[in-house]
Amino acid sequence: MPRPIVATIHLDAMQHNLARARACAPQAKVWAVVKANAYGHGLERAVRGFADADGLALVEPDYALRLRELGWRKPILLLEGFFDAADLALMAAHGLNGAVHCEAQIAMLEAARLPHSIDVHLKMNTGMNRLGFTPAAFARAYARLRALPCVGTITLMTHFANAEVAAHPALPTGEQLRRFQLGAHGLPAPRSLANSAGVLLRAGQGTQAASDWVRPGIMLYGGTPGGVSAAAFDLLPAMTLRSAIIGVQDIGAGDVVGYGSGYRAAAPTRVGVVACGYADGYPRHAPHGTPVLVDGVRTSVIGRVSMDMLTVDLTPVPGAGVGSAVTLWGRGLPIDEVAEPAGTVGYELMCALAPRVPVQEG
Ligand SMILES: *Cc1c(COP(=O)(O)O)cnc(C)c1O
């Protein structure tokens with residue numbers, strides 16, 4: 001008999017969320033971002049759930065080839081580009097578009113002899129200071145690429161650091177846009193700017209007016225990029241993690257629970273033991289009070305999360321016992337409400353779903 005934990009992936013929710021991205025950016029083409037095994041949802045399911053996307057974007061060249069094996073014929077974009085010159089031949093052979101963000105990559109392209117040209121995304125660093133050419137160096141980088149016969153379409157790209165915040169004090173999105181427009185001025189090429197937060201929240205600031213492509217990730221999986229809840233954006237959870245109660249302890253006032261004995265019951269309490277722990281991807285730092293559903297009723301984690309189990313307060317669900325259904329996140333319990341008390345984001349929880357958790361569709 002299998003351990004009762006299972007993650008259910010909702011392809012209909014992935015389709016719905018992709019349609020939301022399109023509705024928010026009707027004039028743009030959509031790269032559905034599927035890095036990190038489609039944020040934990042599986043590449044094979046992403047190929048089906050995002051069949052309507054214009055392209056798939058990720059960072060892992062080997063997974064990009066896997067997408068081709070799975071039958072994806074539309075564009076594929078490597079968001080970090082290529083890592084050494086040998087990747088270029090693979091990109092040409094499999095039609096992979098790649099980011100170009102540094103001098104070393106341009107030098108590799110200049111030295112390459114490729115059978116077909118490859119399309120690239122030239123990346124500008126507009127203040128995030130992660131990848132990309134400065135606005136001042138951008139036109140020169142563009143000119144060097146444009147001169148190469150092995151380079152096809154050049155799309156101009158940048159990435160927002162704070163698009164979920166209306167006016168970030170250190171680096172507002174408007175300032176990133178201003179720098180982008182300055183650096184890209186006069187270059188006759190398509191643009192790709194917005195992540196999920198840009199798609200959902202910054203349309204009014206011109207992030208999309210200037211965009212030929214958008215690059216939503218987290219919203220496609222039903223997580224919020226920040227700002228407001230996923231439900232307020234009309235997004236549906238694409239992953240539900242469920243398990244069951246496998247043990248019950250009736251403890252007295254003053255008794256303690258779990259490793260470290262950091263939780264002490266103030267009153268007699270029924271403690272439910274759930275077959276889910278940090279080795280399944282549940283955050284070990286989820287504190288007492290992190291929400292959980294037992295038989296559909298909202299209650300909370302008590303005691304420290306251990307490797308294979310966590311403990312919950314059954315007081316609000318007196319009828320619950322061994323075998324009762326537990327929802328850790330997903331339908332009925334937004335992943336962001338679990339991530340927040342654990343000091344993280346829904347992104348990290350999805351991506352950390354452990355390989356030992358069986359996955360089904362539903
Ligand atoms: C991950 C990523 C995205 C998607 O970001 P979300 O916040 O998940 O929408 C878009 N663009 C780039 C370059 C990325 O690395």
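This is a predicted model: local features need pLDDT of at least 70, side-chain atom pairs count only at pLDDT 80 or more; totals for chains, interfaces and linings use all residues.
**The cavity**

The largest cavity holds about 50 Å³ of space. Its lining includes a run of residues from Lys 123, Met 124 and Asn 125 to Arg 130 and Leu 131, along with Thr 158, His 159 and Gln 176. Sorted by class, that lining has seven polar residues, three nonpolar and two charged.

**The ligand site**

Now for the ligand: the space it takes up is the largest pocket. There are 13 residues around the ligand, and the closest of them are Lys 35, Tyr 39, Ser 196, Ile 218 and Tyr 347.

| Residue | Ligand atom | Distance |
|---|---|---|
| Lys 35 | oxygen | 2.6 Å |
| Arg 215 | nitrogen | 2.9 Å |
| His 159 | nitrogen | 3.4 Å |

On its own the ligand has 390 Å² of accessible area, and the protein covers 92% of that.

**Where the two meet**

His 159 is worth a look in the viewer: its side chain has an N or O atom 3.4 Å from a ligand nitrogen, and His 159 is also one of the residues lining the largest cavity. Lys 35, for its part, is among the closest residues to the ligand and has a side-chain N or O atom 2.6 Å from a ligand oxygen.

Key
Residues are numbered from 1 along each chain as its sequence is written. Side-chain values use heavy atoms; hydrogens and water are left out. A residue is near a molecule or strand if one of its heavy atoms lies within 4 Å of it. A polar contact is a pair of N or O atoms within 3.5 Å; within protein, one must be able to donate a hydrogen and the other to accept it, and residues adjacent in sequence count only if both atoms are side-chain atoms. Accessible areas come from the Shrake-Rupley method with a 1.4 Å probe; for residues, only the protein chains shown count as cover. On a 1 Å grid over the protein atoms alone, a cavity is a set of points where a 1.4 Å probe fits but cannot get out, and a pocket is an open set with protein on both sides within 12 Å along at least five of seven lines; lining residues have an atom within 4 Å of a point. A molecule sits in a cavity or pocket if more than half of its atoms lie within 2 Å of its grid points. Grid points are joined across faces, edges and corners, and a volume is the space filled by probe spheres set on the points. Ala, Val, Leu, Ile, Met, Phe, Trp, Tyr, Cys and Pro count as nonpolar, Asp, Glu, Lys and Arg as charged, and the others, Gly among them, as polar.
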